[in-house]
Amino acid sequence: MRNLFSILLMTITLTLSGQDTLMSDKMRGWDNFFKSKFGKYIGIQYPDFVRTFPDKSSFSNKNFENKVVFINFWFSHCAPCIGEIEGLNKMFNSLKDRSDFLFVSFTFDSDDLIKTSVEKYNVKYKVIHLDKTEFSRLNFGNPNPTNIILDKKGIIRYFTVGGTDKIYQNEIIMKIFYPKILSLL
């Protein structure tokens, strides 16, 4: 019995020690893919914009000053966009109390559709409507979901487009995006 327990313990230890808990080879592969395909955006200043709301308040890149910013572009009929909401909620909840971090989510969905989607998918972060032209300009005309990480000076430090299955997409959020944000804070 003691030998069986020792073998079991050794197997568990070897299995756990052989795994990179931060980033697997598959994650490194995705990270390298994102860098090679979208690296042209890295190092450039994020474009200026202003979104004015019906109550005359506004939101602009001025809100980004001295903050690490995570920007998510999505819409409600995009399956990969919906698939990543769980991971985005987890990341948002981990960082929402930091004064040096801002999570921004943009969509071209109507305000009514935003409200329905937020309730249906339990979205925890604020979602801002943009018209399709501005939405496309701010995500550089890329498909969705698009996720961008800015440093405290508004420079793009990470850029991804597209998604995979729900489980893997949420893993990408916590094992690639989240550590990159933490490194910039």
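Lys 56 lies in the loop between strand 1 (50–52) and strand 2, where helices (H or I, at least four residues) and strands (E, at least two) are DSSP runs numbered from the N terminus. The structure is a predicted model, in which local features need pLDDT of at least 70 and side-chain atom pairs count only at pLDDT 80 or more, while totals for chains, interfaces and linings use all residues. Residues are numbered from 1 along each chain as its sequence is written, and side-chain values use heavy atoms, with hydrogens and water left out.

With a relative accessible area of 71%, Lys 56 is exposed; here exposed means over 50%, buried under 20%, and partly exposed in between (1.4 Å probe, protein chains only). Strand 2 (residues 58–60) holds Ser 58, which is partly exposed at 45% relative accessibility. Leaving aside residues up to four places away in sequence, Ser 58 touches Val 50, Arg 51, Thr 52 and Phe 53, contact being defined as heavy atoms within 4.5 Å.

The peptide bond from Asn 144 to Pro 145 is cis, with omega near -5°. Phe 140, a residue other than glycine, has a positive phi near 60° and counts as partly exposed at 25% relative accessibility. For context, most peptide bonds are trans, and most residues other than glycine have a negative phi.

Stepping back to the whole chain, the secondary structure amounts to seven helices and seven strands. Read from the N terminus, these elements follow the order α-α-β-β-β-α-α-β-α-β-α-β-β-α. The protein chain has 185 residues, of which 44% count as buried. Its accessible surface is about 10,500 Å², with 56% belonging to carbon and sulfur atoms; areas come from the Shrake-Rupley method with a 1.4 Å probe, and for residues only the protein chains shown count as cover. Among contacts between residues at least 6 apart in sequence, 70% join residues at least 24 apart.

Beyond residues up to four places away in sequence, Tyr 46 touches Phe 64, Ile 71, Phe 73, Leu 138, Phe 140, Ile 148, Leu 150, Gly 154 and Ile 156.

Helix 4 (residues 85–95) includes Glu 86 and Leu 95. Glu 86 is exposed at 52% relative accessibility, whereas Leu 95 is buried at 1%. Apart from residues up to four places away in sequence, Leu 95 touches Phe 101, Tyr 178, Ile 181, Leu 182 and Leu 185.

A search of the whole structure finds one disulfide, the term standing for a pair of cysteine sulfur atoms within 2.5 Å. It joins Cys 78 to Cys 81, with an S to S distance of 2.2 Å. The torsion about this S-S bond is about 75°, so the disulfide is right-handed. Cys 78 is buried at 6% relative accessibility, and Cys 81 is buried at 2%.

Finally, the largest pocket has a volume of about 180 Å³. Its lining includes Arg 51, Phe 53, Asp 111, Lys 115, Tyr 125 and His 129. Helix 5 (111–121) and strand 5 (127–129) are the elements that give two or more residues to this lining, and helix 5 supplies the largest share, four residues. On a 1 Å grid over the protein atoms alone, a pocket is an open set of points where a 1.4 Å probe fits, with protein on both sides within 12 Å along at least five of seven lines, and lining residues have an atom within 4 Å of a point. Grid points are joined across faces, edges and corners, and the volume is the space filled by probe spheres set on the points.
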